[in-house]
Amino acid sequence: QVEPFGSRGVASQTPWSCLKPPELLSATMGNCCGAKADEETKKAEQGLEKDLSGGPVKDRGCTDILCLVFYICHWFAFMGVVMIGMQDGEPLKLYKPRDFKGDYCAVGEYQSHSKLMWTLNTTATVDEVAKQLVCSTASQVALQAVLNNPDPLYPFTTSDYDSWECACCLRPCDGCTGSAGLEDVAPGGAAGAMSSRMGDFTNPSSSGLFSSDSSNMGSFSPDSIWSEMTKFFVQVCMGDACIYPELNETTVSKRSWTYTPSYSQGWKAAWDILSTHSSVPQDLKDTIASQFKFEVFGKDVCPYHERYCIPFPGVAFKDLPMDYCMPQLDGNAVAALGTDVTSALEGKGTSSMSASQETGLGAAFGDMLATLDAFCAVAFYGFILGLCFMVALRFIVGTVVWMSLGVVFLTLLLGGGMMYVRSYQCSGYGLFQTIFEAGMAAASAAATTISQALSGDIVSEAMTGDGEDYRGAQTISKKGYFCQDWDSNDPHTHNFKSSAAVYNASDLEFNYCRNPTGAGNTIFCFTTDSEKRWDSCLPVGVIFAECENGFEVQDETMREVMKVVAYIIWGMAGIWILAVFCLLKRIRLAVAINKVAAEFVSTNPNILLVPIGQMFFTFFWVMIWVFCASFLLSQVPVDYTPDVAYETYAEAYGTYDVPGACTGSWPAGIVYKYEGDINATNDTCSGVLGDITGITPKCWKCAPPRYAFDTRFAGAFFSLLWTNAFIVAFGELAVAMSVSTWFFTTDDARGEEAVVKKGLKTCCRYHLGTVAFGSFILAVVQFIKYMMKYLEKQAAAQKNRVMVMVFKVLQCVMWCFEKCVKFLNKNAYIQTALMGTNFCTSAKNAFFLIMRNIIRFGTVAVLGNAMMMIGLTIIICGCAGIGYLILQAMYPDISPVVPMMSYIILGYMTGKLFMTTYALAVDTSLQCFIACEEMGITAEFVPGPLKKLVDDNPQKQKKSATTSSKVAPAQEEAKGSED
């Protein structure tokens, strides 16, 4: 037989309550689900094991202790994985800049080159100038001479000539829809044609392409260059400062490079022949050798092939965080274009957007530092505001709830009305004008009907045609004006009463609407408004006038649908008000529960230390985890992306529906163009020592992503989820323990006991295993959800849209399941706080408790969420308003944009701090109330707002709690021995 609650106090005197007799260990410790096999889910009753008449069960033992052991062991496993990962990981790869090949600045061979600089992309710029020359008449004549005078050292065949013609679109070929449209260069004119164009690229000290008189303006405008920087620039790792090194006669390490097109260009063979063959005119060879020669940064400064180390004339840089450099126009370019044009150019494109963001971040950081004291003041007043809201909520929650219910009802009524009126809205009439006129017509019809019913004089409202025969009783115009008597000239004069025949024939009695002698298009009247002479009328009972110009919604089917929707919305309004009346008692309970929760938070503000501590520990843990996981993420396998080259960009990167070789998995690799190695004898791009005869150049290669996921990271990620859930669960259990202890305290003693301290102590001493078990279950569900996200990304990389949708649906399912698990876990922790049971028993009890009171839980949840949203809104708006006033008083000259954003974020965090604790107090108070109700406890231990609800429950047997729970342990033992 289970002893009464009072006798359990003896066990709690033992210093280590986990040291229980062996027969109890299986029930309290056991495994992670070590409940008794025959554990029942009966209601709480006094004198039995579930007796809560004296507050949460005091005779507790350590619950789910094995789960706590597993949790601690998982930490050792996590540390082991991280220590192994630290040997090979390189966190710098996660944030350091990457060059065009995907290599990392300040890492590996680029250890001494930390800055990501931007150099001239000759493929996007010089290729067009070179193509103008190689496809010109001058080159055609020279190539024909080469064919006539073959040289074994520089072979050029008829097939090469045909390829050149196709590459230049000199005749119809695949890939050509017409001639290239390039400006021709006549024989002997190469030097003059190329000098001005190439000067924009080869002179580092000039304003280059940004000069207003640039010869390349038609091909490369400053606007297009700045808008498409990633196309016209190459990103390389250079030095340790965002500045181009000097390139002049005294520069020792500088290099030179004569332009040559990439191997993928169809006219490369022709270009090489024009550069070297003896039959080519000397002026053409000299033009190529001199005009296409670049001064290049030295190898010690720019450790790349010469073609990637060419400075872009007219460009300077500014430093950005994380070793990035942002291109901007240098002094020569600014002088050539002017400051206004320069500002416009630097505001374009994604790169300039990044520059603007960086400037904004710098200014934002400066404003935050300058107004730090104001921020602290807002934080203080925000906390006071939240506390005041909790105090006020005790008194206004009922009013707010009932007003909210009424607002929902009125919203449904008005929504249905607007939809119905919309179906009758005439073309050219506003919706609100139509609503007003319909409302006036309805009001007039109601008033007239009531008047006629009282007088017993029923008047016909029949009308045909223009209404000359109308003899009804309408006295209000369509627009709501009251009608003037026909025998009056105040405020408007008229001649209708001057003719007795007309007056009598048209029945111009009183102020009824008429159409005497068919003078108007329909019935009308003169109004009593001096500003409005007359207005048309509608017969009484006609709500909507006929639309002479048609309806605003012309489709008749759509108008009928709108009417049906209006009826449905009105039906919902009826169901809503019916539900409110049916759930009236439960709504009263929800209001009282919310008042109790607000009273607890306002009288125990130190409970907010629990979520503050959660925030601190979560932040500290996440920072540690990010540092450790960075070693695992950065270990991308060598074979993650293929190390072979591909012929086309589409083959490497993929298309809309075909995955690429480099991007076929997630995270996706990057694609770059490899220019070959002219010194190699078997290069996929440059062939044999630069000779690509008989091969198709394959110049597109893959670079691995910054990070990759493996099983080690999966384990570390699960540890993140489990620990985060553990911290949240501990806070929920601590708050539940504090609320339940406070709830079951007599009114005269409430507030004297340190319930928060006691709740934290009980959680740490007895129930960390339960916290570990519940958080483990939630972490598993969350892990599966994120795994579905990972698989969705993989399916997207494989262009499998069907599986993408499947995994999206599975994510939605897991999201819903996660919400259910969170809800059940929270209520299980409340059961643990009350009963001291392990997680499985608590979850089972919580489930059946919810099932027994599902309408109550639903009502409280809905109203609780509404109060949470209202509270968040008030605290956020309050912080923003207070912050603005403080900022204007202390710093009137500083832009309020960034500080106000910080105040809004601060308000959100403060609101979440209060309202999350408040929401958990609501749920705990509900379970405590149900326990009181099931045990028939008197109102002695029930907080004020709930006293009447307990007293008003005649079905529950009222017992005195003092006879069952406030008896000293010794007395209980004596009573037991007497029995």
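Threonine 287 touches Leu133, Ala190, Ala191, Met194 and Phe292, leaving out residues up to four places away in sequence; contact here means heavy atoms within 4.5 Å. Threonine 287 sits in helix α10 (residues 282–291). Its relative accessible area is 2%, so threonine 287 is buried. For reference, buried means under 20% relative accessible area, exposed means over 50%, and partly exposed is in between, using a 1.4 Å probe and protein chains only. Helices (H or I, at least four residues) and strands (E, at least two) are DSSP runs, numbered from the N terminus.

A quick word on the background: this is a predicted model, where local features need pLDDT of at least 70, side-chain atom pairs count only at pLDDT 80 or more, and totals for chains, interfaces and linings use all residues. Residues are numbered from 1 along each chain as its sequence is written, and side-chain values use heavy atoms, with hydrogens and water left out.

Leu133, one of the residues touched by threonine 287, is also among the buried residues of α3. How many of the nine residues of helix α3 (residues 126–134) are buried? Seven are, so α3 is largely enclosed by the rest of the structure. They are Val126, Asp127, Val129, Ala130, Gln132, Leu133 and Val134.

Now for the chain as a whole. Its secondary structure comes to 30 helices and ten strands. Of its 979 residues, 46% count as buried. Take the contacts with a separation of 6 or more: 75% of them join residues 24 or more positions apart.

Next, some helix packing. Two packed helices are described by the angle between their axes and the distance between the axes. Axes are lines fitted to C-alpha atoms, for helices over the stretch in contact, and angles run from 0 to 180 degrees between N-to-C directions. Here are two pairs.

| Helix pair | Angle | Axis distance |
|---|---|---|
| α4 (residues 137–148) and α9 (residues 268–276) | about 80 degrees | 10 Å |
| α18 (residues 584–603) and α21 (residues 711–743) | about 105 degrees | 11 Å |

Angles under 35 degrees count as roughly parallel, over 145 as roughly antiparallel, 65 to 115 as roughly perpendicular and the rest as oblique. The packing angle of about 80 degrees makes α4 roughly perpendicular to α9. Ser139, Ala142, Leu143 and Val146 of α4 meet Ala270, Ile273 and Leu274 of α9. By class, that contact has six nonpolar residues, one polar and no charged. In this scheme Ala, Val, Leu, Ile, Met, Phe, Trp, Tyr, Cys and Pro count as nonpolar, Asp, Glu, Lys and Arg as charged, and the others, Gly among them, as polar.

The other pair, α18 and α21, packs at about 105 degrees, and these helices are therefore roughly perpendicular to each other. From α18 come Val596, Glu599, Phe600 and Thr603, while α21 brings Ser738, Val739, Trp742 and Phe743. This contact of α18 with α21 divides into five nonpolar, two polar and one charged.

Helix α21 also holds phenylalanine 717, which counts as buried at 18% relative accessibility. Leaving aside neighbours within four places in sequence, phenylalanine 717 is in contact with Trp625, Phe783 and Tyr786.

What about open space? On a 1 Å grid over the protein atoms alone, a cavity is a set of points where a 1.4 Å probe fits but cannot get out, and a pocket is an open set with protein on both sides within 12 Å along at least five of seven lines; lining residues have an atom within 4 Å of a point. Grid points are joined across faces, edges and corners, and a volume is the space filled by probe spheres set on the points.

The second largest pocket holds about 1,400 Å³ of space. Its lining has 41 residues, with Val728, Glu732, Lys822, Lys912 and Thr916 nearest the centre. Helix α21 is among the helices that each supply at least two lining residues, and α27 gives the largest share, ten residues. The lining of this pocket splits into 21 nonpolar, twelve polar and eight charged residues.
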